[in-house]
Amino acid sequence: MKKTIYLVVPCYNEQEVLRDSADILKKKMGSLMERELISEKSKICFVDDGSKDSTWGIIEGLAADDRIFAAVKLSRNRGHQNALLGGLMTVKDDCDAAISLDADLQDDVDAIDEMVIKFNDGADIVYGVRNDRTKDSFMKKATAQGFYRFMNFMGASTIYNHADFRLMSKRALDAFSEFKEVNLFLRGMVTMVGFNQDVVYYERQKRMAGESKYNLSKMLSLAFDGITSFSVKPLRLIFSCGILFAAIGVIMALTGLFAGLFSIALSANHMLYALIWFMGGMNLAAMGTVGEYIGKIYSEVKARPRYIIEKYVDNKD
């Protein structure tokens, strides 16, 4: 029996690429249907994350004109991770599996074929993983690779060179719906679902038009959410630093006592000032890190909705 597959595409101010992306995705879905890899009920669901341009108008028009398109509108901008989650949770009861990808289609749509094949062969989660970064600038390559290595070092389990291009079966989506975190880091959370998991490698394309919405500040924010949501390692590092600095303080005190007993003159004012500044900085860093965890607890305890769906257009006729 052919399976119903939904493509879930979060969008924020994507009017420049949206129509071209819709055409490419429609052709891809048509090809998969012709090859009988997916059901004719399969759809492309665009999720508008509170865009300020004409993105929603384009999405709503697509859904009204062609049944292959569906449209979800969030009540306001909630960020990429919340928009993606909102789309996945909205369509999970209507599909056998959902594939998430970005509207700029830098993720190779031809990799969808292999994802679907692996799903039909029994995989519940299939990750799209970049096989190289030769087209990236030096800075982009350095920051991206550093991001994955640092995240894994800090205890957040991630798939190297995987962002949010993945297939999840209905079983995996149902299990994922039980994750109630307010602070989202989906690429780390999905790995915790379990079940049968596989990987598809692809070459990432250049953006067709417009600019990436993931700037440095958003990347840093995502990294910090991932670290503080999945790991207590920063707290342990601070504790270890505290023990180390305390030991250094004891050694310095013993050295001063030794120098006093043997009348050895020490000129250490500059070291004292340096130590005061260094320890003051470490104290502030420690307080800030602990405060970040307390802030995360505060957000989780309030349990406010991660997204609010304002409108859902899905013509099933």
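**Notes on strand pairing, burial and salt bridges**

1. Cys 11 stands opposite Asp 48 in strand β2. Strands β1 (residues 5-11) and β2 (residues 43-48) pair in the parallel sense over six bridges; pairing requires that DSSP finds at least two bridges between the strands. Helices (H or I, at least four residues) and strands (E, at least two) are DSSP runs, numbered from the N terminus.

2. This is a predicted model, in which local features need pLDDT of at least 70, side-chain atom pairs count only at pLDDT 80 or more, and totals for chains, interfaces and linings use all residues. Residues are numbered from 1 along each chain as its sequence is written, and side-chain values use heavy atoms, with hydrogens and water left out.

3. β1 also pairs with strand β4 (residues 97-100), in the parallel sense and over four bridges. In β4, Ile 99 is the bridge partner of Leu 7.

4. Seven of the seven residues in β1 are buried, where buried means under 20% relative accessible area, exposed over 50%, and partly exposed in between (1.4 Å probe, protein chains only). Ile 5, Leu 7, Val 9 and Cys 11 point one way from the strand, while Tyr 6, Val 8 and Pro 10 point the other way.

5. Tyr 6 has a side-chain polar contact of 3.2 Å with Asp 314. A polar contact is a pair of N or O atoms within 3.5 Å; within protein, one must be able to donate a hydrogen and the other to accept it, and residues adjacent in sequence count only if both atoms are side-chain atoms. Asp 314 is in strand β8 (residues 309-314), and its side chain makes another polar contact, of 2.9 Å, with the side chain of Tyr 312. Asp 314 counts as buried because its relative accessibility is 16%.

6. Asp 48 forms a salt bridge with Lys 73, with the closest N and O atoms 3.5 Å apart. Asp 48 lies in β2 and Lys 73 in strand β3, so the pair ties together parts that are 25 residues apart in sequence. A salt bridge is a side-chain nitrogen of Lys or Arg within 4 Å of a carboxyl oxygen of Asp or Glu. Asp 48 is buried at 0% relative accessibility, and Lys 73 is buried at 15%.

7. The structure holds 15 salt bridges. One of them joins the side chains of Lys 26 and Asp 66 (2.6 Å, N to O). Lys 26 lies in helix α1 and Asp 66 in the loop between α2 (55-65) and β3 (69-74), so parts 40 residues apart in sequence are tied together.
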